[in-house]
Amino acid sequence: MDIPRRVFLVFLLGLSCTTCLSSDSSLSSNGSPVSPQKLLDFAKSRDFSEWMIGIRRKIHENPELGYEEFETSKLIRSELDKMGIRYKHPLAVTGVVGFIGTGKPPFVALRADMDALLLQEMVEWEHKSKVPGKMHACGHDAHVAMLLGAAKILREHQEEIRGTVVLVFQPAEEGGGGAKKMIDAGALENVDAIFGLHVAPHLPASVVASRPGPLLAGSGFFEAVIRGKGGHAAIPHQAIDPILAASRVVVSLQQLISREADPLDSQVVTVAKFQGGGAFNVIPESVTIGGTFRAFSNESFMHLKQRIEEVVTSQAAVQRCHATVHFFSEENLFFPPTINDESLHKHFKKVARELLGPHKINDMQPMMGSEDFSFYQEVIPGYFFFLGVGDDTGERYDSAPHSPYFKINEDGLPYGSALHASLAVTYLLDQQQKFQSVEGGPRDEL
């Protein structure tokens with residue numbers, strides 16, 4: 001997940017029997033109340049917690065980049081086999097999709113991403129990355145471990161699932177658009193809604209944060225090559241200076257935000273790459289600049305893309321240069337904005353309140369980071385939230401995602417697995433009850 005460094009910052013309800021119960025009811029298959037705290041305690045039990053932490057550490061020691069998660073995928077399938085959970089593989093090269101429950105509607109999905117980053121880990125600990133130059137610096141190892149934990153919880157309580165839970169283990173979130181390829185491969189077939197989470201080291205363990213509506217920005221990348229005419233720095237009138245043209249382009253791009261964008265419609269254009277020349281006395285033939293642009297609506301995002309191309313080519317032309325702009329739409333898909341469904345937000349808050357308590361639920365402001373979970377939300381209702389994995393003792397984890405010093409408090413993992421499972425089983429119960437109240441009977445198997 002792409003999150004700016006500075007800005008970083010759920011409950012097991014039991015299931016009711018299939019007879020008519022209120023949506024707030026929580027009954028096990030034998031009709032006795034199921035305590036959310038008891039089920040969370042199951043996730044926090046020593047054996048369960050140590051197993052889940054062990055999974056996370058194995059993955060952390062052996063990080064794999066997008067579409068290269070072969071060993072991670074193998075580990076996932078091995079654990080699902082041990083649990084007796086059926087699955088499909090491969091989807092999108094290394095992806096795995098598991099199924100727990102009746103095999104009948106309704107269907108709800110839980111998602112975890114699997115890929116690591118090109119970073120050399122600088123945290124010295126027993127389970128440091130064993131692969132030079134690669135690191136799980138965004139918590140995807142924890143995401144996989146928590147979804148496997150949720151799978152084990154769901155398997156233990158399978159008789160209480162009133163529908164089907166789909167487990168989506170996805171490759172290549174970090175710029176590879178793995179979610180889009182999972183969708184194309186049929187991962188969301190029959191699915192009515194999807195939930196996803198991301199670890200947040202700046203929040204204490206057991207605290208969650210999210211919001212309805214826009215949560216994360218849509219993002220894209222651009223690169224422009226500005227060509228002039230090289231020459232001697234002492235006789236610039238005989239050259240056409242692309243460095244000067246590129247400098248004007250950079251300044252003009254900032255005016256897209258300060259003078260064209262609605263101040264109430266947050267947008268960003270950042271030029272983070274500027275390459276040209278290699279000598280003090282030579283005007284280069286060309287300059288390459290590149291960066292990212294972000295917005296919270298598809299309309300603003302596409303308008304920004306159009307204006308970036310117009311500004312780059314026009315400003316270069318004013319300086320007698322020629323420019324071409326590349327947006328990497330094939331190599332790195334544009335990520336749409338992550339927009340949380342309003343009704344799923346209410347469901348999330350209800351579940352998190354029962355499991356964690358109202359004081360553990362934070363309302364957060366939108367962030368300019370991006371997530372390819374948004375591709376799922378373009379197809380079906382989806383909800384994405386942040387789970388605290390900071391230190392409960394008061395130590396502040398200053399390492400943000402994509403930092404070589406990234407670390408998490410593993411005590412937060414049981415909360416993530418319990419939240420995953422709880423969100424799924426209660427969603428299925430609610431959907432079944434809604435359908436029965438309208439139709440007067442259960443849905444048929446597909």
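A polar contact here is a pair of N or O atoms within 3.5 Å; within protein, one must be able to donate a hydrogen and the other to accept it, and residues adjacent in sequence count only if both atoms are side-chain atoms. By that rule, the side chains of H402 and E174 make a polar contact at 3.2 Å.

Some ground rules before going on. This is a predicted model, where local features need pLDDT of at least 70 and side-chain atom pairs count only at pLDDT 80 or more, while totals for chains, interfaces and linings use all residues. Residues are numbered from 1 along each chain as its sequence is written, and side-chain values use heavy atoms, with hydrogens and water left out.

**The annotated site**

H402 and E174 both turn up in the UniProt annotation "binding site" (unreviewed entry), which also covers C138, H140 and H198. UniProt positions are given in the numbering used here, with feature names shortened, and annotations may be inferred rather than shown by experiment. The five span 265 residues in sequence, yet no two of their C-alpha atoms are more than 13.1 Å apart, so they gather at one spot.

H402 sits in the loop between β16 (382–390) and α10 (413–439); helices (H or I, at least four residues) and strands (E, at least two) are DSSP runs, numbered from the N terminus. With 26% relative accessibility, H402 is partly exposed, that is, between buried (under 20% relative accessible area) and exposed (over 50%), using a 1.4 Å probe and protein chains only. Leaving aside neighbours within four places in sequence, H402 is in contact (heavy atoms within 4.5 Å) with residues including M1, D2, C138 and E174.

**Strand β5**

H198 belongs to strand β5 (residues 193–204) and is buried at 0% relative accessibility. Strands pair if DSSP finds at least two bridges between them. β5 runs parallel to β3, joined by four bridges, and pairs with β16 in the parallel sense over eight bridges.

**Rings and charges**

Rings of Phe, Tyr and Trp (its six-membered ring) pair if their centres lie within 6.5 Å; planes under 30 degrees apart count as stacked, over 60 as edge-to-face and the rest as tilted. The count comes to 15 aromatic pairs.

| Pair | Type | Centre to centre | Angle between planes |
|---|---|---|---|
| F222 and F293 | tilted | 6.4 Å | 50° |
| F293 and F301 | stacked | 4.7 Å | 20° |

F222 in strand β8 (residues 218–227) and F293 in strand β12 are 71 residues apart, so to speak linking distant parts of the chain. F222 and F293 are both buried, and F301 is buried too, at 3% relative accessible area. Ring pairs tie F222, F293, F301, F327 and F334 into a cluster. F327 also has K305 over its face, 4.6 Å from the ring centre. A charge sits over a ring if NZ of Lys or CZ of Arg is within 6 Å of the ring centre and within 35 degrees of the ring normal. The charged end of K181 does likewise over the ring of Y67, 4.5 Å from its centre.

**R294**

R294 is in strand β12 (residues 286–295) and counts as buried, at 8% relative accessibility. Its side chain makes a polar contact with that of T292 at 3.3 Å.
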